[in-house]
Structures are given as structure tokens and as C-alpha cells.
There are 2 protein chains.
Amino acid sequence: MMGSKENILKTAVTLFSRQGFDGVSMRKLAKSANMSTAAVYHHFPNKQALYLQAMHFAFAKQQQAFDQVWQADLEADEKLSRFVRCLAEVLTTDVDFRRFMQRELLDADDGRMQLLAKQVFQEQFKQLMAVIEQKSGSQQQAHFSALSVISLVCDIIQMQPLSRHLPGWKKEHEQVDFIACQVLNLLMNGIKSKGSK
Amino acid sequence: MMGSKENILKTAVTLFSRQGFDGVSMRKLAKSANMSTAAVYHHFPNKQALYLQAMHFAFAKQQQAFDQVWQADLEADEKLSRFVRCLAEVLTTDVDFRRFMQRELLDADDGRMQLLAKQVFQEQFKQLMAVIEQKSGSQQQAHFSALSVISLVCDIIQMQPLSRHLPGWKKEHEQVDFIACQVLNLLMNGIKSKGSK
DNA sequence: TCATTTATACCTAACGTTCGTTTGGGTAGA
DNA sequence: TCTACCCAAACGAACGTTAGGTATAAATGA
């Protein structure tokens, strides 16, 4: 029904994203995948290689989720809106992907970072920058603005376990649509939003 | 010249923030602090307790850095501006603090999260919310807006190792003043910033 | 005052456990 | 028979933690 290698990779993604490289032993991983430790070593040469392949596996799943966002016949506003919505959805839905990302940013291994930038984010980032240039007129700060958009969505979601315990929190704040909507509003108008003088 | 316990804590903060709980052994830690393993156990009952005290140590250092921000006689704009500047500075200067924070968000232990919310962030967050309510008129979305401000600064800084490899990057993008300035501009005006019609 | 207790800070060496990995062998389909 | 797949058992190394001892200096009692 499912290839052993794929099964191991799926298990590895879940475990590594939740407990990190050092937090997961090959024994625990094998047991979670319902096989012996040596069977895992039959499919992967060592722990490091398994981790890398698991990372690729986790990121590859999401690479095409954004393709529908950048359809050529859409307005810049609509593209931006779809991107934010899509990013928020991916990050809330695929917790493992988000955690893997966070972990990689923490480790900050420059080689892996370069790989991630080139293979996963570069294309999306270029598209996002193009949309922003179109909207803002200047291409001066497109990089920084694009980064801001992504950062805003990512960190709002990743701060949820903390913000739950801060004053004024409501459960709606964690719904994808609410996040996307608020972020877009902020991007368009700044924090003064609507009702101010 | 320096108490052993404090010396251990400082070493622990550095190591734990960079390599995580599982990535640091008591032997490595003791060697880094120039003492035997057993000497560490003389000051701390076990690894878990040491980690917790190190976390407190790392966060306590920064708790009062924000106090000068919320002086009562300042304009709301000025308060917000100072807060963003201060946050950006702390997160860029004290790398260990930032990494510890990121790691706690990843682990998301709810007990520790509650502690952090109450003892470290609650007061700052309230002040920030008050400023935002004042600026935007409504208190409806103050929580989310405050969260957005913090998220924006945090994640821009934490994404630096990745953004370095994305198109359009310049070295100025990582300077505290530049970040603070851009973030404020975004908060005030949205991404269309200045030159667009 | 001086011997002695007490307390603190630290050491080496070891405890039992778990780690990543390997060995040597099994079993089933081609 | 060959190849792909899987197992139980074991390897040495590193793990968290503890036992038992030493050095130093303050506190104590005669």
C-alpha cells in the first residue's frame, strides 16, 4: 500500500519537525515507522542523510501549492491577496512544514540555507517582488517589502502559542481567513486601518 | 572575579540558545565553563533545572531594556517608533536571547509559554496595545495589530540567514536603523509607501 | 590560641542507559 | 540463485547522573 522508504520519510518529517535532529533517535524513528533500526539503515546510509531527505520531502510537498497564485491574468492586488491567503493556509495546515522551516532558520547552516533559497523560495520570492514593484511604483525596497509580507504571516502563526496567553486574545485570531484578511489590511493601510479620524 | 554559578549560566545560555537542549551535553557545557561535570551538578540539581534557569537568565537581561520606551510624556507615534527601534536592537544585538525565544516557540511547552507571557511580555504587550488603540481609534484589533508589529520585527531578523540568498538583498537590510525605519514606514502607510499615486 | 568541626567548591572515576551504526543472518519473489 | 527487504544482537562511544574523595577557609569549642 505504501513504500517503506516513503513511510520512513513521512515519519521522519513528523518527528524531526517536532523534536529536532538531536531529539529523535534512529530507534524511536524505526519504532514509529513499525520496523527495525537496521531496516531504516537499509534505505538510508545514516541519520544525517535521512534528515536531509526528510527536509526535502517536507518542502517539496509545498513547492507547487503556490503555482495557482501567480496566474498571469490577475490584478496585482489579487495576486498579493492570494499569496498571503495561501501562505497562511500552508503554514497553519502543514505544521510539520512550518516547524521544519523554523528549525532550519535556527540552525542557520549556510549550505542548507542556500539550497532552500534556490530550490524552494527563490521563484515565489521573485513573483512576490514583481507584484510589489508593480503596486508601489519603486523597485527600491521590493526585497525588503516582500520579506516583510512573508515575515508577517510566518511569525504571526509561529507566535500563536505565546499570543494565546497575552491580553486581548480571541480564538478567531488563529483562523486562516482572519489572519490573511488582517495582514492584507495592514499591508494596504498600515495600522491606522479604517475608523481613525 | 565572577561567581561560578553565574559563569555556568552564561555559558549555558550561549550553548543552549545555539544548539538546543538535546544538542548540549553536561560534559560539553562543563568543559566550556572550565570545570568538571560534577562541579556543575554541585550548583544545579539536573540538566532540566539548569536549562530553565538559563532561560530565565537570558530573558531577565532584556526585561528592563524597554522601560525607557514607555515614558508617559511621549507622543503615541514616538512611543511606537522607540519600541520598534528597541525591539530591533535587542533582537540583533543579543543573538542568544532571540534564539532562545525562537526555540521556546518551537518547543511550545504550554507551561513555560504561560510563564514567559506573564513574566516577560505581558507588560510590554499591554503598553504596545494601548499605543495602538490610541493611534487607530478602535480597540477592536489592538491585540492582533500589536502582535503584527512584534512579528514583523522578529521574523525579518530571524529570516536574515535565508533572505541573504534571495534576489535583491543588500547588506543595509540587516542594519538595525534600516529595519526599524522600514518597519515603521510599513506600519504607517502600508506597502505602497511614498511615490505611488 | 590552636585543634577541630562544618561548609563550600571542586575533582576523578564510575554507574547504568541510550546513542549511531554494523554484523551476520534470515525470507520472499524474480 | 540473485536481489531486495527485514530482523535480533551486538559494537564502542557518549549520555545524565552519582559516589567518594580532596582542598580551602570560616566557625567553633577548649
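Is B:Glu89 buried, partly exposed or exposed, and what is its relative accessible area? B:Glu89 is partly exposed, with a relative accessible area of 36%, where buried stands for under 20%, exposed for over 50% and partly exposed for what lies in between, computed with a 1.4 Å probe on protein chains only.

The model discussed here is predicted, so that local features need pLDDT of at least 70 and side-chain atom pairs count only at pLDDT 80 or more, whereas totals for chains, interfaces and linings use all residues. Residues are numbered from 1 along each chain as its sequence is written, chains are lettered from A and ligands numbered from 1 in the order in which they are written, and side-chain values use heavy atoms, with hydrogens and water left out.

**The two chains and their interface**

The same surface serves both copies, since 98% of the contact residues of chain A recur in chain B.

Contact, taken as heavy atoms within 4.5 Å, joins 63 residues of chain A to 62 residues of chain B. The area buried between the two chains is about 6000 Å², and carbon and sulfur atoms give 67% of that area; buried area is the accessible area (1.4 Å probe) that two parts lose on being put together, summed over both. Of the area that chain A buries against chain B, A:Leu106, A:Phe144 and A:Ile191 supply 14%, more than any other three residues. The side of chain A that touches chain B draws at least two residues from each of α1 (4-23), α6 (95-107), α7 (110-136), α8 (142-158), α9 (160-163) and α10 (176-189), where helices (H or I, at least four residues) are DSSP runs numbered from the N terminus.

Zero salt bridges are found across this interface, a salt bridge being a side-chain nitrogen of Lys or Arg within 4 Å of a carboxyl oxygen of Asp or Glu. Six residue pairs, both members at pLDDT 80 or more, are in polar contact across the interface. A polar contact is a pair of N or O atoms within 3.5 Å; within protein, one must be able to donate a hydrogen and the other to accept it, and residues adjacent in sequence count only if both atoms are side-chain atoms.

A:Gln102 lies in helix α6 of chain A and counts as buried at 4% relative accessibility. The side chain of A:Gln102 makes a polar contact of 2.6 Å with the side chain of A:Arg98. When neighbours within four places in sequence are left aside, A:Gln102 is in contact with A:Gln158 and with B:Leu106 of the other chain.

**Salt bridges**

Side chains of opposite charge can pair when their charged atoms come close. Over all chains the count comes to 20 salt bridges, including the following.

| Salt bridge | Closest N to O distance |
|---|---|
| B:Arg85 and B:Glu89 | 2.6 Å |
| B:Arg112 and B:Asp107 | 3.5 Å |

A:Glu89 and A:Arg85 are separated by about one helical turn, because they stand four residues apart in helix α5 (residues 76-93) of chain A. A:Glu89 is partly exposed at 37%, and A:Arg85 is partly exposed at 30%. A:Arg85, A:Glu89 and A:Asp177 are linked in a network of salt bridges. In chain B, B:Arg85 and B:Glu89 likewise lie in helix α5 (residues 76-93), four residues apart, and B:Arg85 is partly exposed at 30% relative accessibility. In the remaining pair of the table, B:Arg112 is buried, with a relative accessible area of 14%, whereas B:Asp107 is partly exposed at 40%.

**Cysteines and a positive phi**

A search of the whole structure finds zero disulfides over all chains, a disulfide being a pair of cysteine sulfur atoms within 2.5 Å. For A:Cys86, the nearest cysteine sulfur is that of A:Cys154, 12 Å away. A:Cys86 is buried at 12% relative accessibility, and A:Cys154 is buried at 11%.

A:Asn34, although not a glycine, has a positive phi of about 60 degrees. This residue is found in the loop between α2 (26-32) and α3 (37-43) of chain A, and is exposed, with a relative accessible area of 72%. In chain B, phi of B:Asn34 is near 60 degrees, and B:Asn34 counts as exposed at 71% relative accessibility.
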